[in-house]
Amino acid sequence: KELLGQEQDQWEVKELELKIEQLTAQRNTLAQELSQKRKESVASLSATLQDMIRDLQMPYAVFEVSVSETEKYSLHGKDQIEFLFSANGGNKLGLLQKSASGGELSRIMLCLKWLMAQYTGMPTMIFDEIDTGVSGSIADKMGTLIGKMGESMQIFAITHLPQIASKGKTHLLVYKEFENNIAKSRIREITGEERVTEIARMLSGSELSQAAIANAKELLGN
């Protein structure tokens, strides 16, 4: 019985080795196909993102996607994918996470998420202060881009910038109240003049000026 058991084990080992060989060949083929598709797509992806980034007041920005094969496999194939970026032309391209400032990274991430949303069919996207490090006309353009995304999907944008807040169809105010020395977070929808006042407060601070109120009405009118 022991001898027969050992022979059976040997056959099982051979069957498993054959299965491993077949699956390895299948994995290699799939990884190569995936890598080829990526290499065919990076030029178009890089050009699209670069145009979008430049439109957000980075006129000399260069964005490239690098795909290189490695020996190590992961759930996503065997490619090493790097995002390369330079805000001042293509002479000094570096890794995105090391080359971009906070404001630049915010704009690039918005462009990436916008592009992702075109293909993934997500019903909802949440931006948690994606406008960090930007202001003025850049914030206004980012708000417009977020607004366009909202035409085809639901967008929640958590922001402290009036240029972003004024673009939404629904404005929810998040605030804190203290009850018996215990802080509680509240949220409520604001409309009409109250929304104008809140946008003006975001523009000028605690003391509202007529200029801020006029500016708030203009932002909401746009």
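Modeller: Two strands pair if DSSP finds at least two bridges between them, and strands (E, at least two residues) and helices (H or I, at least four) are DSSP runs numbered from the N terminus. This is a predicted model, where local features need pLDDT of at least 70 and side-chain atom pairs count only at pLDDT 80 or more, while totals for chains, interfaces and linings use all residues. Numbering starts from 1 along each chain as its sequence is written, and side-chain values use heavy atoms, without hydrogens and water.

Biologist: Which are the edge strands of the open sheet?

Modeller: The sheet has three strands in the order E1-E2-E3, with antiparallel pairing. An edge strand here pairs on one side only. That leaves us with E1 (62-74) and E3 (94-95).

Biologist: In E2, what is the bridge partner of Ser66?

Modeller: E1 and E2 (residues 77-86) run antiparallel and are joined by nine bridges; they make a hairpin with two residues between them. Glu69 is bridged to Asp79 of E2. For Ser66, the partner in E2 is Glu82.

Biologist: Which residue in E3 does Phe85 stand opposite?

Modeller: E2 and E3 pair in the antiparallel sense over two bridges. Facing Phe85 across that pairing is Gly94.

Biologist: What angle does the direction of H1 make with that of E1?

Modeller: Helix H1 (residues 2-55) packs on the sheet and touches E1 and E2, a contact being heavy atoms within 4.5 Å. Angles run from 0 to 180 degrees between N-to-C directions, with axes fitted to C-alpha atoms, for helices over the stretch in contact. For H1 and E1 the angle is about 165°.

Biologist: Do E4 and E5 run parallel or antiparallel?

Modeller: Strand E4 (residues 124-128) is joined to strand E5 (residues 154-158) by five bridges. Asp128 stands opposite Ile158 of E5. The chain gets from E4 to E5 through helix H4 (residues 136-149). The two strands run parallel.

Biologist: How far apart are the axes of H6 and H7?

Modeller: Helix H6 (residues 192-204) and helix H7 (residues 210-221) pack at about 115°. Among the residues making the contact are Val196 and Ile199 of H6 and Ile213 and Leu220 of H7. The axes are apart by 8 Å.

Methods: Right-handed = clockwise from strand over helix to strand, strands pointing away.
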